[in-house]
Amino acid sequence: MRMMIIAEFLLVILKVLWAFVTAGAKWIVRPKEKSVAGQVCLITGAGSGLGRLFAKEFARRRAVLVLWDINSQSNEETAEMVREIYRELDSPMPKDGTVGGVEEVPPFQPQVYTYVCDVGKRENVYMTAEKVRREVGEVDILINNAGVVSGHHLLECPDELIERTLVVNCHAHFWTTKAFLPKMLELNHGHIVTVASSLGLFSTAGVEDYCASKFGAIGFHESLSHELKVSEKDGIHMTLVCPYLVDTGMFKGCRIRKEIEPFLPPLKPEFCVTQSMRAILTDQHMICTPRIVYMVNFMKSILPFEAIVCMYRFLGADKCMYPFLAQRKEAMNNNEDKNGI
């Protein structure tokens, strides 16, 4: 019995080493991207920011788009951008050996569907999901992207805003997944993407509710990934997206130490989505941008807390959210003054 355990342990070590080798090989030889043409891709929070960019990228790859957002107007604006991409794909393409250098290709019918859905309301999610199944079909790719931030210090933040942040950024992932995972399990086919944040891996002061919601989303994602492995559903893939601060305006005013900022500026949304798409289309389990986020997360796991505090203070990351919070507070006070006039 003891020899069997030792032998099994050695086999585990070999498998771990092989996992390192295969992961390293993917850095050298870029894996081939899979096709998502004709697959139904549902994106929450598609009306702006990363959600809109994800929609455009999947449209360029001829996926059928299902766009969810709480704002009907911005969601329709995204849909029109997607339709324009479809029209470009539908235009005649030049081909050698044809008369006039142009050959008509089979038309690509625009396929984008928009739904107003507040993912912070459970019944709204389930009702809209059922409507999607009736009108579009089963979802192949689920992008849990919708997110909010309260922008208040903990003791100044109304309980309703704390609950809203946790519900939209974390709880909604449970509801959308429960709505669409059963069919994925039945077919052993699908892909679930969790758009989280580096603030779900390591935190900073002033955004306790946001950090908690993103930590929760990552915990949910990782647990579900293990459950799929235990169920031996190798046709369903999971990708966790953890970007550093993205320049979408969500954390406008956030600043680290000015001497360090040129080396670690906010990410361009287009770069973030490009990197994320590469990870999704190659079935990568996790993508952190920039790569230094991997190192910071590892160091957080091994360093004493006081050492982390020293590093935060050096980088100016300990109070990086304070300018953002101050701007939010000033904006709210100005709105109150205007309403009072």
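A salt bridge is a side-chain nitrogen of Lys or Arg within 4 Å of a carboxyl oxygen of Asp or Glu. The model is predicted: local features need pLDDT of at least 70, side-chain atom pairs count only at pLDDT 80 or more, and totals for chains, interfaces and linings use all residues. Residues are numbered from 1 along each chain as its sequence is written, and side-chain values use heavy atoms, with hydrogens and water left out.

**View 1. R257 and E259 form a salt bridge.**
The closest N and O atoms of the pair are 3.2 Å apart. R257 is partly exposed, with a relative accessible area of 34%. E259 is partly exposed too, at 44%. Here buried means under 20% relative accessible area, exposed over 50%, and partly exposed in between (1.4 Å probe, protein chains only). The structure holds 14 salt bridges.

**View 2. R122 and E123 meet through their side chains in a salt bridge.**
The N to O distance is 3.7 Å. E123 counts as exposed, at 53% relative accessibility. R122 counts as partly exposed, at 41%.

**View 3. E80, R83, E84 and R87 are linked in a network.**
The links between E80, R83, E84 and R87 are salt bridges.

**View 4. D283 forms a salt bridge with K34.**
The closest N and O atoms are 2.7 Å apart. D283 lies in the loop between α7 and β9, and K34 in the loop between α1 and β1 (40-44), so the pair ties together parts that are 249 residues apart in sequence. Helices (H or I, at least four residues) and strands (E, at least two) are DSSP runs, numbered from the N terminus. K34 is partly exposed, with a relative accessible area of 27%. D283 counts as partly exposed as well, at 23% relative accessibility. The backbone of D283 also deserves a look. D283 has a positive phi of about 55 degrees, although it is not a glycine. Helix α7, on one side of the D283 loop, spans residues 269-281.

**View 5. E232 is a non-glycine residue with positive phi.**
The phi of E232 is about 60 degrees. E232 sits in the loop between α6 (208-230) and β8 (236-243). At 67% relative accessibility, E232 counts as exposed.

**View 6. A cis peptide bond joins T289 to P290.**
Its omega is near -10 degrees. P290 is placed in the loop between β9 (286-289) and α8 (292-302).

Angles under 35 degrees count as roughly parallel, over 145 as roughly antiparallel, 65 to 115 as roughly perpendicular and the rest as oblique. Axes are lines fitted to C-alpha atoms, for helices over the stretch in contact, and angles run from 0 to 180 degrees between N-to-C directions. The crossing of α4 and α5 is right-handed. In a right-handed crossing the near helix is turned clockwise from the far one by less than a right angle; anticlockwise gives left-handed.

**View 7. Helices α5 and α6 cross at roughly 15 degrees.**
Their axes come within 8 Å. That makes α5 roughly parallel to α6. The passage of α5 across α6 is right-handed.

**View 8. A nonpolar surface patch covers about 800 Å².**
M3, I6, F9, L10, L11, I13, L14 and L17 make the patch. Patches are made of residues with over 30% relative accessible area and no salt bridge; like charges are joined within 9 Å, nonpolar side chains (Val, Leu, Ile, Met, Phe, Trp, Tyr) within 5 Å. Accessible areas come from the Shrake-Rupley method with a 1.4 Å probe, and for residues only the protein chains shown count as cover. I13 lies in helix α1, residues 2-28. I13 counts as partly exposed, at 33% relative accessibility.

**View 9. L240 is placed in strand β8.**
At 2% relative accessibility, L240 counts as buried. The C-alpha atoms of L240 and R134 are separated by 29 Å. Along the chain, L240 and R134 are 106 residues apart.
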